[in-house]
Amino acid sequence: MSLHRIAVIGGDGIGPEVVEAGVEVLETLAAAEFGLAFEFKRFDWGSDYYRRNGRMMPQDGLARLENFDAIYFGAVGDPELPDDITLWGLRLAICQGFDQYANVRPTRLLPGLTGPLRPDLGQQIDWVIVRENSEGEYAGVGGRAHRGLPIEVGMDVAVFTRAGIERIARFACDLALSRPRKLLTVVTKSNAQRHGMVLWDEVVREVVRGYRGLTVDWMLVDAMTQRMVNRPGSIDTVLATNLHADILSDLASALGGSLGIGSTANIEPSRNRPSMFEPIHGSAFDITGKGIANPLGSFWTASLMLDHLGEHAAARRLMVAIETVTGRGEHLSPDLGGMAPTAEVTAAVIAALSGLN
Ligand code: ATP
Ligand code: MG
């Protein structure tokens, strides 16, 4: 019997709605899969917590999360509060605090769904984007000076370290090798960014040399956006820096159908501390409380979490149930062109899971 202890942080907006739907689905899975069990603990951290306590999470928040096997996260962000408080106070505090340096985002056009690409091209999308999640352009290093004066300066320094590049390159190579095509596309911009990106190229080149059986190609980030649109089938696993992958991921999620279905894993590969799993969408206050948020992104997220926990059969079974529902097209939420509320989509996935017994 493997019992997985999961910290559940719904966060803001539709986050708690889709995460609770996900917990329901995971409980159904546990009841159906022999030997699978979860213990969920909820944390009511986020913007409302901030309004009551002046912090997004308690001071000892990381210590409280430390011993969980994984963190199942909803969304963070509030129209009335700056990102500096919300995002940095919760999501990034956890990512950085637990050194979750690999951000992994799969993209696939699920059966029955249509993206903006021509259907024959759209169906070729089967990617995993690996984003360096700890340094690079989002290292937070820099400063402001001469505020309000004509000579005012704002600087962000992109920080690349040999150790940081090496570890994310290894992670991406291992992941690419575990996939059938064994194909890694490394994204760079070393023609224009002549220091950090050059080190990136050098170190990634050294690392990939150590991997047999892996096909590696290199793309400038600008050209990569065109390739994703024009030749999606030529791409499998992608490795890019924090900023580049952030942008490519949004393009990927648009090509993959809807913001409501994408999911992300923030992985701490040594497994000394918990990794965190979240749908890619934000808090979506325009639909909060209406019961119409698409929970499929949160379910796909749960499947990524199961994979990370070593529950590969359960992860696959959940993905098959999601694809059964999208493929039939009878219970789709409004963002996918249907009329089904969150609860109906959830019930359909649960029914599909039971049908897969
Ligand atoms: P954030 O800054 O938190 O990322 P955002 O406004 O950039 O917020 P989202 O909150 O993800 O992005 O919302 C963008 C749009 O997509 C909104 O119109 C929202 O209603 C829609 N959307 C996002 N997630 C879902 C979902 N799960 N189901 C249905 N619609 C969604
Ligand atoms: Mg956003």
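Domain bounds here come from an automatic or database domain assignment. Going by that, colour domain 1 (1–103 + 263–357) and domain 2 (116–255) separately. Their C-alpha centres sit 25 Å apart. Where they touch, 10 residues of domain 1 meet 9 residues of domain 2, with contact meaning C-beta atoms, placed from the backbone, within 7 Å.

A quick note before moving on: this is a predicted model, so local features need pLDDT of at least 70 and side-chain atom pairs count only at pLDDT 80 or more, while totals for chains, interfaces and linings use all residues. Residues are numbered from 1 along each chain as its sequence is written, and chains are lettered from A and ligands numbered from 1 in the order in which they are written.

Next, select ligand 1. Which residues are closest to it? Of the 17 that surround it, the closest are Gly77, Gly260, His281, Gly282 and Asn294 (near means a C-beta atom, placed from the backbone, within 6 Å).

Now hop to aspartate 99, in the loop between helix 4 (83–97) and strand 4 (102–108). Helices (H or I, at least four residues) and strands (E, at least two) are DSSP runs, numbered from the N terminus. Aspartate 99 isn't a glycine, yet its phi is positive, about 55°. Most residues other than glycine have a negative phi.

Last stop: histidine 146, in the loop between strand 6 (136–145) and strand 7 (153–159). Histidine 146 also has a positive phi of about 55°.

Methods:
Contact = placed C-beta atoms within 7 Å.
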